[in-house]
Amino acid sequence: MRTDDFWQLIDRARSGGGEPDAIAARAVALLAARDPEEIVGYAQHQRRVLAASYRVDLWGAAYLINGGASDDGFEYFRGWLMTQGREVFARAVADPDSLADLPQIRSASLSGEEFECEDMLAVPWDAYRKATATDLPGERAATPQPDLNEFWDFDDEEEARRRLPRLAALFVEPPQE
């Protein structure tokens, strides 16, 4: 599966609107209607997308936005980020502080809403099972995780202000209602 096909499927799933879990459910249905080889290709591409987004600065952004982010929480955040589409995803990977531009992120600084979508990570496995009544070939491989040499203390407010100034303005010292 090509990059454009991967994101076009997600865009089609997004076109129905709704919450991230509804987008994931539509992505499963759309993908399950394809040949099993395409589902395998989607899974491979998803692993590449998740590996490319496994960045310490994006993890720091997820930590600020969600009030913390464990290993699993960071995975689920990136699942949510996938539901936002290719442009938002790519911009966030390149510049995590750009997430401060999203209206739902800005409102979360007041509401405390968290952004996660574990279901989006399961799309290829669920689609393959739905299409073939069997498990996706191969093990449910963990996303390759590059070395994060530049980890910083996400609870260090000064460091957050330095690395992610726009997000820190929203979440370190949230605006008053």
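Q: Which residues are buried in helix α6?
A: The model is a predicted one, and burial here rests on a relative accessible area under 20%. In helix α6, which spans residues 86–94, the residues that are buried are V88, F89, A92 and V93.

Q: Within what arc do the buried residues of α6 fall, seen down its axis?
A: The residues in question are V88, F89, A92 and V93. They line one face of the helix, because, seen down the axis of α6, they fall within an arc of 130 degrees.

Q: Which exposed residues does α6 carry on the face turned away from its buried side, and against which helices do its buried residues pack?
A: The face of α6 turned away from its buried side carries the exposed residues E87 and A94. The buried residues of α6, by contrast, pack against α1 (3–14), α3 (36–52), α4 (56–66) and α5 (71–82).

Q: How are α1 and α3 oriented to each other?
A: Two packed helices are described by the angle between their axes and the distance between the axes. For α1 and α3, the axes come within 10 Å and cross at roughly 95 degrees. Angles of 65 to 115 degrees count as roughly perpendicular, and α1 and α3 are therefore roughly perpendicular to each other.

Q: How many nonpolar, polar and charged residues does the contact of α1 with α3 have?
A: On the α1 side the contact holds T3, F6, W7, L9 and I10, which meet Y42, H45, Q46 and V49 in α3. Sorted by class, the contact of α1 with α3 has six nonpolar, three polar and no charged residues.

Q: Is α3 roughly parallel or roughly antiparallel to α9?
A: The axes of α3 and α9 come within 9 Å and cross at roughly 170 degrees. An angle over 145 degrees counts as roughly antiparallel, so α3 is, relative to α9, roughly antiparallel.

Q: How do the residues of the contact of α3 with α9 divide by class?
A: From α3, the contact is made by P36, I39, V40, Y42, A43, Q46 and R47, and from α9 by V123, P124, W125, A127, Y128, A131 and T132. These residues divide into eleven nonpolar, two polar and one charged.

Q: Against which helices do the buried residues of α9 pack?
A: The buried residues of α9 are V123, P124, W125, A127 and Y128. They pack against α2 (20–32), α3 and α8 (118–121).

Q: What separation do the C-alpha atoms of T134 and D5 have?
A: T134 lies in the loop between α9 (123–132) and α10 (157–163), and at 38% relative accessibility T134 counts as partly exposed. Leaving out residues up to four places away in sequence, T134 touches Y128 and R129. T134 and D5 are 129 residues apart along the chain, and their C-alpha atoms are separated by 24 Å.

Q: Which residues does C117 touch, not counting residues up to four places away in sequence?
A: C117 has its place in the loop between α7 (103–111) and α8, yet C117 is buried, with a relative accessible area of 0%. Its C-alpha atom is separated by 8.6 Å from that of E75, 42 residues apart along the chain. The residues that C117 touches are P20, D21, A24, Y76, G79, W80 and T83.

Technical notes: Residues numbered from 1 in each chain as written. Predicted model: local features only at pLDDT ≥ 70, side-chain atom pairs only at ≥ 80, totals over all residues. Heavy atoms only, no water. Buried < 20%, exposed > 50% of the residue type's maximum accessible area, 1.4 Å probe, protein only. Helix = DSSP H or I, 4+ residues; strand = E, 2+ residues; numbered from the N terminus. Arc of directions from axis to C-beta. Contact = heavy atoms within 4.5 Å. Axes fitted to C-alpha atoms, helices over the stretch in contact; angles between N-to-C directions. Parallel < 35°, antiparallel > 145°, perpendicular 65-115°, else oblique. Nonpolar A, V, L, I, M, F, W, Y, C, P; charged D, E, K, R; others polar.
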